[in-house]
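Take a look at the sequence and the model before reading on.

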Amino acid sequence: ILHWDLWDGSLPAFGPAAAGAKMTVFGGGAPVDDEADAWQAALATFRRFDEADRLLFSVPMWNAGIPYVLKQLIDVISQPGTVFDVDARTGYRPLLAGRGKKAAVIYTSAVWGPQLGPEFGRNFQSTYFNDWLTWIGVDDISEVRFHPTLLGDWPAERLSAQAVAREVAKTF
């Protein structure tokens, strides 16, 4: 079991050098200088991610979406030749497909809830993250949801989420 704390500051930045490296690779070239360093950091981060057969994510809702540090991980590892390939005629091809990877995602929010209207926010959290997992080829995705809302019954919602988590764990 490998615990990866995305908040520990170890994720590489994905700035101009890394973006340049990505575009160099897209064009069939090899990154050099600062771009080569950024590319190697992205590949090392991908390798760490790819070592896992089972992926457990805890994803709190931030401003209707995912925390920026999770988006940083996605941006760093979502490179041509790592999680995807692309063809001008057929589009993207997920490179992790068929490799037996499973994901369990714990989605939480305190204000938004699926039973509430848009005045309490919208869900770009699970829609975005599940789409990304599918896009890279992880199609066995289990969800545990904890959305007690401002006026919800937190203890009851927690017990419900824990029961779902126990069921997910049985086949994870």
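## The second largest pocket

The lining of the second largest pocket in this predicted model divides into five nonpolar, one polar and four charged residues. Here Ala, Val, Leu, Ile, Met, Phe, Trp, Tyr, Cys and Pro count as nonpolar, Asp, Glu, Lys and Arg as charged, and the others, Gly among them, as polar. Among the lining residues are Phe14, Lys22, Tyr128 and Trp135. H3 and helix H4 (125-136) each give two or more residues, and H4 has the largest share, with four. The volume is about 160 Å³.

A pocket is an open set of points on a 1 Å grid over the protein atoms alone, where a 1.4 Å probe fits, with protein on both sides within 12 Å along at least five of seven lines; lining residues have an atom within 4 Å of a point. Grid points are joined across faces, edges and corners, and a volume is the space filled by probe spheres set on the points. Helices (H or I, at least four residues) and strands (E, at least two) are DSSP runs, numbered from the N terminus.

## The largest pocket

The largest pocket holds about 720 Å³ of space. Its lining has 22 residues, and Leu2, His3, Trp4, Leu56 and Phe57 are the closest to its centre. Strand E1 (54-60) is one of the elements giving two or more residues, and E1 gives the most, six.

## How the model is read

Residues are numbered from 1 along each chain as its sequence is written. Local features need pLDDT of at least 70, side-chain atom pairs count only at pLDDT 80 or more, and totals for chains, interfaces and linings use all residues, while side-chain values use heavy atoms, with hydrogens and water left out.
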